[in-house]
Amino acid sequence: MRLNVLGALEGQVGGAPISLGGVIPERVLATLLLEAGKRVSVSRIIAAVWEDEPPATALHQIHKAIARLRKYLPGGGEVIVTEGPGYRAVLAPDQLDLLEFQAGVREADRAVAEGRREDAVTLLRSALALWRGPVMSGTGGPVINAAALSWEDRRIVAAELFFELRLALGEAGELVADLRDLVTRHPLRESLRGRLMVALHRSGRRAEALDEYRQARELLVEELGIDPGPKLARLYEDMLRDSVEPASPPPAPPAAAALAAESAPPAAPVPAPAPAPRSLPHDLADFSGREDVLRTILSSVDAGSADGGHERRVRIVGIDGMGGSGKTSIAVHVAHRIADAFPDGQLHVDMRGYTPGEAPLQPAKALEALLRMLGTPVDALPDDLEGRVVLWRTLLQQKRILLLIDNALDASQIRPLLPSAPGCLAIVTSRARLIDLDGAEWFSIGAMSPEDSSRFVAATLGEARVQAEPEAAAELVRLCGALPLALRITTARLNYRPQWTLRYLVDRLRDESHRMEELTSGDRSVAATLRLSYQAMTELYRAAFRILVIHPSPHIDVHSAAALLRTSVRDAESILELLLDMHLLQQPDLGLYTFHDLVRSFARSLRGPSTQQDEEAAVERLLDYSITATETACDILYPGRKYRPTGLPAYPGELPSLKDADHATRWFDRERVGLAAVVDLGVRFRFDRHAVCLTRNLVFQLNAGGHFEEFRELSRTAVAAARRLGDLPLLGVSLSNLGVAYWKLGQFEDGAEVAMEGREVAAALGDRHTEAHSDSTIGLLMTMLGRYSEALPALERAIELERELDSPRAEGETLLNLSTLFEQWGRYPEAEEAARRAIALDRRLGLPDKEVMATTDLAFALLGMGRYEEAATALARARSLCADGGPPGDVALVMALSAEVAERLGRPDEALAHAERALALAQSSGTPIRWAKVDNILGRLFLRRGECASAMELHERAHRTASAIGYRAEEAYALCGMAATAAREEDATAAARHRAAADSLFSRMEIPDERRSR
């Protein structure tokens, strides 16, 4: 009988093929043959046959397959023997090509040791000739393929020795073709590449040899992000100096060492040394992604485990991450990748730190298992922990062992297991980073990148299925938070239910209240995995975890966390850091924390009626903190702001550092989105007064920062909350703010309506501050609508009230509105006077941002009167004031007007530079008011330059913008520009049509004929 696996699995008796009777017997036999001479457990055979989903009858089917093999194989009862809880294949070298290969390599090693190089070459040639392709033709599932891959590595080691010997015997050119074929199939194997370079160099093909190094370097950098190793680099340098020495085979060839340590001895009367223990879990066949993480970990392992035998130091590599992030899969994958560097054994022990239904494994029990793996008899095991530690470390001396300690709970659990031998490596996985494990180098594993997630989904579902629904596949990744466990569960469900579409599963996952249920499959569950981390904490941290999820912001800072938890900032930071160590929180930036989407869903699933009272109290504290903090920031940034009592208690806890305007601005910018979410949270929990008061503080900064959509939405929320409260003072303020937001967004009719309601409420209450603000807003909105005769008395009333109330900041803003009215009305001297008064107030109060627009309005008035040099001086001042930034729309207007004035003063290059910057800024301003005005100014500029196409495009765009929002003045000026451009292009009909439309608008705005053009 002869059995072969170095190619396809096949067997012959007297030349006739052996029939094995089906896939299951074939896989059982293949598993035993690949481990010939070793005991193979039934569980490993089952995994080899059915991978991850064995049927309930798996054990019975294995017994049947063994019986069938014993029946059809000659002498089957002696070939496949039962040994404990497993089976062993017992064959002579001439009965199995693997064993014949192994024996040939061993004999070649002996020949090398005795100096018989030619004999060694002959033996290796015969051994390598047994290979007729990949082991098992590359088929058979993950377990069989992993074993096959190990034999493939041994084949390469033997081939390297074969070519090394032939090079030493003087051969060169005849080796190139075979070496190049091997390098093509194993391009990252530097030792093969080096032998090819030597063969080329000795054949007189020096340029090709050097080019092989270049190709190797480019490939290693692209694939692994590393340079070639020192041996290949030295060989390259020697070739550059033309000083390559003849190769000499090592006295102890690696082929023999690998086979002696890793392969079971053939059946023979003389017993061979026990094989090195190998208990690593099988590597995932569909492992994909995580290339950056793998490269970093492998680079670290290589750095600490470089060649040098016993000079290597013990290394501890830790991999930590949240439950379901794939820590164990990565650790196992890394272990398999580096297993050959540890020929004395690769051991695995699960410490059960977070295993459902099981207590964590005690160190003494773990050491018992490890010592048994090393062959220690039961009766030789010490009874106490200390004795087992001593025995364990004694046995590891002078050995190179890889130890994978999985699922560790804490450092004390695994510290006794760590080897002391300098050639060993320990890989530890844990949900928490074990910072008290001295000497460990830790790598944190988070969610997969979008690219890795997409590759994972494609690998598990198939490219065709993903390409049929690419948007649904991307959303599946998002809803699973790019968490490997969640993606593996969902893709497994889709594979099990082929009638389901990706879109159908995505629709099911969108319902957050049931998402945790959807992410469950058999004994795998995202919720169950996260619950183990949650239960591992004390009740103090569990309660904090449940409360913190209420926070609506994309991130949580220590001050708001302290408010939620009713604790000090220092204690809040300690709690946040522990949750971070447990990977129940993430840290996107220093001092900020956030929930992974699935962790947030899990935390919310813990909430119930019993937690409602605690949640309401926490929300109220968060609102108190937010109002007090924003009030403090506004006092710094807006010193002339009218103080209004909130009727709410001040927050007693610690506030962020808001000592000056820079700190306050940075804090507002960082917290803006979160604070707006806190307003919505307050409404949801029926804290309407808090919501209104917090909104009043926020809109100051939203307005200053140009966030007008948020300004409007928050103001609408505040108006609705104030109406529910029936609090007229708060309603008046909220309506007034909403009117401003409408103006900024060009919604003038809506703005005028709410501003008028706000004025009525304020007048009824005798709230003269709000009444003045409402009149100022009404005057501005009427100006935009071209209703100048209604705008003027409203603005004049506002200015009179603001003077009486001694509100210089508000008076300055209304004077700016009055200047805008007069300028658009064509009343330039009055516009100049109002602008100069506004500038004086802004300078007195130290408000440079307000002075920018007052100075720009002054320039508009001076330009209207033909005083170009004075206008240029005013604009230079405005540009210097906004040199460090400002609302993009305001800066765009300054630059556009600067361009027009420079053009009128005969400075075309300066004008063009200002115009280009204005165009770039205007479209990012967020306010159509600025778009329309800037487009009209620049349209007139380009027309004067003779660029009619650009001028017409700008005026048409300004007309569309202005007419859409009812900005009558700029709508009319856009029509004037379109008429002038059409006239320049000699299109009299279009010019007359546009001019007539402009005149109609001007008449409604009561603008005299002589002032209807700019």
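**Reading helices and salt bridges**

Guide: In helix 14, the buried residues are Lys 327, Ile 330, Ala 331, Val 332, His 333, Val 334, Ala 335 and Ile 338. The model shown here is predicted.

Visitor: How many residues does helix 14 have, and what distance does it reach?

Guide: The expected span of a helix is 1.5 Å times one less than its number of residues. Helix 14 runs over residues 327-338, which is twelve residues. From its first C-alpha to its last it reaches 17 Å, close to the 16 Å expected.

Visitor: Is Glu 753 buried or exposed?

Guide: A residue is called exposed when its relative accessible area is over 50%. Glu 753 has 56%, so it is exposed. Glu 753 belongs to helix 34, residues 748-765. Its C-alpha atom is separated by 9.5 Å from that of Leu 735, which is 18 residues apart from it along the chain.

Visitor: How many salt bridges does the count come to?

Guide: A pair counts when a side-chain nitrogen of Lys or Arg is within 4 Å of a carboxyl oxygen of Asp or Glu. By this rule the count comes to 60 salt bridges.

Visitor: Which residue forms a salt bridge with Arg 510?

Guide: The partner is Glu 475, and the closest N and O atoms are 2.8 Å apart. Arg 510 is in helix 22 and Glu 475 is in helix 20, so the pair ties together parts that are 35 residues apart in sequence. Arg 510 is partly exposed, because its relative accessible area is 39%, while Glu 475, at 15%, is buried.

Visitor: Where do Glu 616 and Arg 686 lie?

Guide: These two residues form a salt bridge, with the closest N and O atoms 3.7 Å apart. Glu 616 lies in helix 29, and Arg 686 in the loop between helix 30 and helix 31, so parts that are 70 residues apart in sequence are tied together. Glu 616 counts as partly exposed at 24% relative accessibility, and Arg 686 is exposed at 62%.

Visitor: What does Arg 957 form with Asp 935?

Guide: They form a salt bridge, and the closest N and O atoms are 2.8 Å apart. The pair links distant parts of the chain, with Arg 957 in helix 44 and Asp 935 in helix 43, 22 residues apart. Asp 935 counts as buried because its relative accessibility is 1%; Arg 957, at 27%, counts as partly exposed.

Visitor: Which residues are linked in a network of salt bridges?

Guide: Arg 180, Arg 193, Arg 205, Glu 208 and Glu 212 are linked in this way.

Notes
Residues numbered from 1 in each chain as written. Predicted model: local features only at pLDDT ≥ 70, side-chain atom pairs only at ≥ 80, totals over all residues. Heavy atoms only, no water. Helix = DSSP H or I, 4+ residues; strand = E, 2+ residues; numbered from the N terminus. Buried < 20%, exposed > 50% of the residue type's maximum accessible area, 1.4 Å probe, protein only.
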